[in-house]
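Thanks for coming, everyone. I have one model to walk through this morning. Please look at the sequence and the fold on the screen.

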Amino acid sequence: MKFYGGIEAGGTKFNCIVAHDPQNIIAEKVIPTTTPEITLKEVARFFKETEKKHQIALSGMGVASFGPVNLDESNPDYGSITSTPKIKWQNTPLVSIMHRYFDIPFGFDTDVNGAALGEGKWGSGQGLKDFVYITIGTGIGAGIICNGLPIHGLIHPEVGHMLVKHDLNRDPFAGYCPFHGDCLEGLASGPAISERWGIDTKDMPMDHPAWNLEAEYLAQAVHNMSLFFSPQKIIMGGGIMKKDGLIEKMRLLAQTSLNGYLASSQITKDIDQYLVTPQLGDRAGSLGAIVLATLATSS
């Protein structure tokens with residue numbers, strides 16, 4: 001059995017895993033995101049120690065990273081984190097640095113594309129060629145899977161920065177995004193909710209008015225993504241989506257917003273099968289990195 005290294009590189013932590021698939025995981029570790037020098041050295045140490053302990057050699061490694069990132073394989077900066085707000089990580093050649101430690105094939109993509117691939121292989125997207133994975137947490141992003149592979153394009157989709165309707169009378173909050181103010185991420189990300197209401201989202205009861213507003217903004221995203229890409233399913237992940245009752249509110253609002261325009265029973269009748277949560281939970285990203293590794297070794 002071949003084993004692969006998976007790295008879900010996040011702005012606050014790196015989730016590292018050695019696995020063949022969800023049923024065959026031999027090691028996992030969470031490493032805080034500090035500086036590239038410190039964090040990547042610890043990441044490499046974890047994989048080296050796991051190889052030695054279990055007497056294996058990794059067949060490949062996948063990196064699903066926070067971004068923006070350079071996904072152009074013809075560009076000398078491929079595999080780099082580019083204009084991230086995390087100053088210390090700007091222009092970090094992530095894949096090149098890890099290559100110094102491991103002379104094996106590397107797969108590289110955004111963190112949310114990795115999570116989408118993981119859900120497509122082993123989770124809520126199994127058997128589907130066209131679906132969307134949206135994560136709602138510190139930021140908002142989406143992996144758009146078309147014909148089984150993530151869309152890249154000019155750079156890569158940045159769904160969190162789509163514009164949504166913002167009624168300033170009901171919600172006078174200016175928005176959290178430093179680039180666009182009241183884009184989707186500026187209104188509906190975890191930090192936006194906390195800043196607007198002055199309370200951590202973990203401490204908000206489900207009957208807090210924040211969640212009705214949150215459901216409205218996220219339902220607008222579902223409306224837009226359903227019309228833009230006509231996915232077979234939309235998977236909603238991330239820390240915010242763990243709030244009990246939130247996805248149920250979103251389903252009702254999305255149905256109302258679409259108003260029967262998409263004449264599919266998946267939306268008009270069975271929306272609980274169309275708008276879903278991840279089956280892989282918090283492992284979607286790291287297991288998605290394993291998928292990236294397997295794709296890299298087979299290409």
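First, the ground rules. This is a predicted model, so local features need pLDDT of at least 70, side-chain atom pairs count only at pLDDT 80 or more, and totals for chains, interfaces and linings use all residues. Residues are numbered from 1 along each chain as its sequence is written, and side-chain values use heavy atoms, with hydrogens and water left out.

Now the overall picture. The protein has ten helices and ten strands. Those are DSSP runs, numbered from the N terminus: helices are H or I with at least four residues, strands are E with at least two. The radius of gyration is 19 Å, close to the 19 Å from the globule rule for 299 residues, so the protein is as compact as a globular protein of that length. That radius is taken over C-alpha atoms, and the rule is 2.2 Å times the number of residues to the power 0.38. The C-alpha trace spans about 60 × 40 × 35 Å along its principal axes.

How much of the protein is buried? Buried residues make up 52% of the 299. Buried means under 20% relative accessible area, exposed means over 50%, and partly exposed is in between, with a 1.4 Å probe and protein chains only. The exposed surface comes to about 14200 Å², and carbon and sulfur atoms supply 51% of it. Areas are from the Shrake-Rupley method with a 1.4 Å probe; for residues, only the protein chains shown count as cover.

Contacts next. A contact is heavy atoms within 4.5 Å. Take the contacts with a separation of 6 or more: residues 24 or more positions apart account for 62% of them.

On to helix H2, residues 94–101. Leu94, Val95, Ile97 and Met98 are buried there. Why do they share a side of H2? They cover an arc of only 160° around the axis, which puts them on the same side. The arc is that of the directions from the helix axis to the C-beta atoms. And what covers these buried residues? The cover includes strand S1 (4–9), helix H1 (36–54), strand S4 (61–65) and strand S5 (106–110).

Two of those covering elements hold residues I want to show you. Start with Ser65 in strand S4. Ser65 is buried, at 0% relative accessibility. Beyond its neighbours within four places in sequence, Ser65 touches Ala9, Ile81, Leu94, Phe108, Asp109, Thr110 and Asp111.

Then Glu51, in helix H1. Is Glu51 buried or exposed? Glu51 is buried, with a relative accessible area of 14%. Setting aside neighbours within four places, Glu51 is in contact with Ile56, Ala57, Leu58 and Phe102. Val18 is 33 residues away along the chain, and its C-alpha atom is 9.1 Å from that of Glu51.

Next, charge pairs. Side chains of opposite charge can pair when their charged atoms come close. How many salt bridges does the structure hold? Five. The criterion is a side-chain nitrogen of Lys or Arg within 4 Å of a carboxyl oxygen of Asp or Glu.

Here is one: Arg283 with Glu28, closest N and O atoms 2.5 Å apart. That pair links distant parts of the chain, 255 residues apart: Arg283 is in the loop between strand S10 (275–276) and helix H10 (284–298), and Glu28 is in strand S3 (residues 24–32). Arg283 is partly exposed at 35% relative accessibility, and Glu28 is partly exposed at 40%.

Another is Lys242 with Asp282, at 2.9 Å, N to O. Lys242 lies in the loop between strand S9 (234–237) and helix H7 (246–258), and Asp282 in the loop between S10 and H10, so the pair ties together parts 40 residues apart in sequence. Lys242 is exposed at 54%, and Asp282 is exposed at 58%.

Arg45 and Glu42 also pair, with 2.2 Å between the closest N and O atoms. They are three residues apart in helix H1, so about one helical turn separates them.

Last, the surface patch. Leu227, Phe228, Phe229 and Tyr261 form a nonpolar patch with about 460 Å² of accessible area together. Patches take residues with over 30% relative accessible area and no salt bridge; like charges are joined within 9 Å, and nonpolar side chains (Val, Leu, Ile, Met, Phe, Trp, Tyr) within 5 Å. Phe229 sits in helix H6, residues 209–229, and is partly exposed at 36%.
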